[in-house]
Amino acid sequence: MVLKSAIELDIIEIIFTASSEGGCACISVISPAKIAARIPSKNPDASVLLDRMLRLLASYDILKCSTCIKENGEVERAYSEGPTCKFLVKLKVEVVDLSAPLFFVASL
């Protein structure tokens, strides 16, 4: 359910594009607060809820989780693409738009 919600909200796509913007040598990480700013949500606690969802996905190696310490001493988690992320994003192939993931087609 968490994976389906993450795909429907384009969270996996946001993380994948943030990671690919970092270049080949460096994998960029993105915080739940930055992801929450990119999705349409009116919930003020969206970043906290996203962090819980992303932690679960990281426990299954769908995402990678790292921690960083802010200037004020708070520890913040940041996420990047995991090994299976490429199978969960939408692929743009020439004119055809292949919507990922294909296992949702069977549920329709």
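K70 is partly exposed, with a relative accessible area of 36%. Partly exposed here lies between buried (under 20% relative accessible area) and exposed (over 50%), using a 1.4 Å probe and protein chains only. The model is predicted: local features need pLDDT of at least 70, side-chain atom pairs count only at pLDDT 80 or more, and totals for chains, interfaces and linings use all residues. Residues are numbered from 1 along each chain as its sequence is written, and side-chain values use heavy atoms, with hydrogens and water left out.

The side chain of K70 meets that of E76 in a salt bridge, at 3.9 Å from N to O. A salt bridge requires a side-chain nitrogen of Lys or Arg within 4 Å of a carboxyl oxygen of Asp or Glu. E76 is also partly exposed, at 21% relative accessible area. Side chains of opposite charge can pair when their charged atoms come close.

By the salt-bridge rule, the count is two. D51 and R77 form a salt bridge through their side chains, with an N to O distance of 2.8 Å. D51 belongs to helix α4 (residues 46–59) and R77 to strand β2 (residues 75–81), so this pair ties together parts that are 26 residues apart in sequence. D51 is buried, with a relative accessible area of 13%. R77 is partly exposed, at 28%.

T67 sits in strand β1 (residues 63–69). This residue is exposed, at 57% relative accessibility. Neighbours within four places in sequence aside, T67 is in contact with V75, E76 and R77. Contact means heavy atoms within 4.5 Å. The C-alpha atoms of T67 and A78 are separated by 5.9 Å, and the two residues are 11 apart along the chain.

The protein chain holds four helices and four strands. These are DSSP runs numbered from the N terminus, with helices (H or I) of at least four residues and strands (E) of at least two. The order from the N terminus is α-α-α-α-β-β-β-β. Of the 108 residues in the protein chain, 31% are buried. Among contacts between residues at least 6 apart in sequence, 46% join residues at least 24 apart. The accessible surface of the protein chain is about 7400 Å², and carbon and sulfur atoms account for 59% of that surface. Accessible areas come from the Shrake-Rupley method with a 1.4 Å probe; for residues, only the protein chains shown count as cover.
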